[in-house]
Amino acid sequence: MPYVNVRITREGATAAQKAEIIAGVTDLLVKVLDKDPATTFVLIDEVELEDWGVGGVRTDEYRRIRARNQPRRFG
């Protein structure tokens, strides 16, 4: 009876996108571990950006830093 907890930032994932995540994770466990989909549980937690950190900073700040450091792409 697998239980998978997926955490994503709260940025407007749609019900359809969440359904796709649940189906995809379930399919992966069926394929790789031969688990029964009827007893496979997938929980999606949505976390506010200010409650998630990467590289020692909040996610929103991390993204700003990365955006500043990305080379500009032209046409």
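Q: What makes I8, T9, R10 and W52 the residues that V47 touches, not counting residues up to four places away in sequence?
A: V47 touches I8, T9, R10 and W52 under that exclusion, where contact means heavy atoms within 4.5 Å. This is a predicted model, in which local features need pLDDT of at least 70, side-chain atom pairs count only at pLDDT 80 or more, and totals for chains, interfaces and linings use all residues. Residues are numbered from 1 along each chain as its sequence is written, and side-chain values use heavy atoms, with hydrogens and water left out.

Q: Why is V47 called buried?
A: Buried means under 20% relative accessible area, exposed over 50%, and partly exposed in between (1.4 Å probe, protein chains only). V47 has a relative accessible area of 16%, so V47 is buried.

Q: How far apart are V47 and T9 in sequence and in space?
A: They are 38 residues apart in sequence and 4.7 Å apart in space, C-alpha to C-alpha.

Q: Which strand holds V47?
A: V47 lies in strand β2, residues 41–47. Strands (E, at least two residues) and helices (H or I, at least four) are DSSP runs, numbered from the N terminus. The chain has two helices and four strands, in the order β-α-β-β-β-α.

Q: Why is the chain described as more spread out than a compact globule?
A: The radius of gyration is taken over C-alpha atoms, and the globule rule is 2.2 Å times the number of residues to the power 0.38. That rule gives 11 Å for 75 residues and the chain has 17 Å, well over it, so the chain is more spread out than a compact globule.
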